[in-house]
Amino acid sequence: MAANPPTLPPVGSSTDNGFNPNFDMPASNGDEAAEFSAVSPIEAPLPPQPLEKQQDASDPQIQQKVQNVLYSDIGVNTLLNRLKASIASARDFSSFLKRRGGMEEEHANSLKKLSRLTLENVHKTEARHESYQRQFEQVLHANERIADNGTQFGLALHAMHENLQQLANKMESSRKTWKQQGLAAEKKVQDAETLAEKAKAKYDQLAEDLDRVKTGDAGAGRKFGLKGPKSAAQHEEDLQRKTQAADQDYASKIQTAQSYRKELVSTTRPQAVTALVDLIKEIDAALTMEMQKYASFNEKLVVNNGQVVSPQVLKGSTAQPSPSMNNLIYQINNDKDFDEYFLKHSSKIPSVRSELQYTKHPTQAQGPTQPTPSSIGSAARRASMQLQQSQPPPSFSTQPQNEPSQAYQQPPLPEPTQPSTYQDYSSNFPPQQQQQPYGSQSQAPQYSSTSAYSPVAPNPYSQPDYPRGPAGQTAARQTTGVSYSSAPPVNPVFGVSLEDLFRRDGSPVPMVVYQCIQAVDLFGLEVEGIYRIPGTTSQIQNMKALFDSNASSVDFRNPEAFQHDVNSVAGLLKQFFRELPDPLLTLEFYNGFIEAARIDDDIMRRDSMHALINGLPDPNYATLRALMLHLHRVHQASEVNRMSTANLGICWAPSVMGPHKGSNMADAGLQARVVITILDNVLQIFDED
């Protein structure tokens, strides 16, 4: 058998000097080999066996039966089979040790690599420092010591694997030798006894024939020779000679068989049995010893790792143990780290600037100003464009009427408050103008040339751009009359179901959806990344509050109403759909749309979704139709805005279907496929009139 493998120090003995819980320091004798050369627990006496097993092992009747089998004709063959089984078991355990050791070494190397990589990241300038860095470094060093323990454990298992492999090869060679010798001796005796049995059968047959001839039996033997029939005397003499020759041959073979068996029983068989029994006991003992080593090494690995995670005071030691990993984590002081971080930046505080003061322009300081006819005309035009709450108009552009205008026939007044009904509009401002379908969405609206102060430029709101933020909102309020308020919602729109909005407002398509679609159609079709690039959060919240307070006061045909930030309008529209209690495509139809999206055939997938869309509630169907026809127009300008149906599907799927259900992440892709399929077949699913 090969030399003993490196061994981990034994566990469970208070006098174990090889136990080294401090993995930062070498073993007590200075090298790794010495650490593993401590006395193995296998060399210690085995624990006492149960009384029942001891009695079974020493029972003379059992031993006698075993000896009877060993020294019988089947003894050698049975021993060969038992040795073969022991060799196979040793090879199996050797293979297990090899794979387990490889796994342990791979895990240890990965853990050490991860610890070192994390340690490098901890030291980077952009990482958190202070007590977090100090304590986390110690935790990472503890992980490195655990990795070192795993490496040692893997090396020990690898050495055990090699020892068992060498022993199994040696036992296999010895088995072949004794198989040849033992079975050859057994076969030699068996062949001799077979020949003796054949000689006996021949002798018995001739003796019976001779007896019948002597008694005058006419059918006894043959009576014909080469020269003719034999006489009875000649026949009897011939049988007598053959019988004597067969008798001598039979006696000789019996003597030979007896000699071979005596030699087999006294010499050859005992030698083979003893050798095979010794081989079996040797390999079984070696296998048991390696298994006990494996158990001991596992115990040592767990104890050493436990000493790293939570060090304990060793028996007879007065040294204070290192803090546990749990204590290291608890020593991180977040508040102190926060203070230290900002104290480092105390020297970087900029000097105090002088306080800003409001100074009015000299040209504006002469006295209060009155609204100009232009601003009043603008207010009148916005008022005339307001929507009827009972049915929002499906188009954006208007055509002139021939009725005379009654605007501005009275002295200038401050900008009027928005009336609440369409009839109020008609009493103070020009009549509502006729509208055209979506076909002219790429052009700005044109107004009647008879209206007072009609602009020359195609865009009636072509005024200087206002700055973004609070200053821009103030400027927009002065010109547009739009005021962003943080007051509680008076007539909430966001977070209200489409059914409730339809029941309250009488419009199947909510006003916020119509206004946002109108703004994007007019000013956002050629904006690159529309619906993909987010708007300003504060601007979106301000517009949301405006709709929740008084949706009828909003007119997004004037870009100043949303500060020329069409991306914020797009974000507002998506937020409206995300905040619906029940998504646009409804939770009831969710699984149906997902299953339809799984269909590979384009026609069948379209028809399945068409049937589901037809089953939606009326407000959902009308809103979906308006949205999809609008997104179709966005896609038609994809050469400019870079928004293909795939991009639109990815952007809009969570908004119209809600978050995907369950743990199957594939639903996210199927949601996008639902929207893409509807957009690809929008003119077949919805009519465009």
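**Exercise 1.** Does His161 count as buried or exposed, and at what relative accessibility?

*Solution.* A quick note on the model first: it's predicted, so local features need pLDDT of at least 70 and side-chain atom pairs count only at pLDDT 80 or more, while totals for chains, interfaces and linings use all residues. Numbering runs from 1 along each chain as its sequence is written, and side-chain values use heavy atoms, with hydrogens and water left out.

Step 1: His161 has 12% relative accessibility, so the residue counts as buried (under 20% relative accessible area, with exposed over 50% and partly exposed in between; 1.4 Å probe, protein chains only).

**Exercise 2.** Which residues is His161 in contact with, leaving aside its neighbours within four places in sequence?

*Solution.* Step 1: take contact as heavy atoms within 4.5 Å.

Step 1: read off Ser94, Ser95, Leu97 and Lys98, with those sequence neighbours of His161 left aside.

**Exercise 3.** Work out how H18 and H20 are arranged.

*Solution.* Step 1: H18 (residues 618-636) and H20 (residues 645-657) pack at about 155 degrees, their axes 11 Å apart. Axes are lines fitted to C-alpha atoms, for helices over the stretch in contact, and angles run from 0 to 180 degrees between N-to-C directions.

Step 1: H18 and H20 are therefore roughly antiparallel (angles over 145 degrees).

Step 2: H18 brings Leu627, Leu631, Val634 and His635 to the contact, and H20 brings Thr645, Leu648, Trp652 and Val656.

Notes: Helix = DSSP H or I, 4+ residues; strand = E, 2+ residues; numbered from the N terminus. Parallel < 35°, antiparallel > 145°, perpendicular 65-115°, else oblique.
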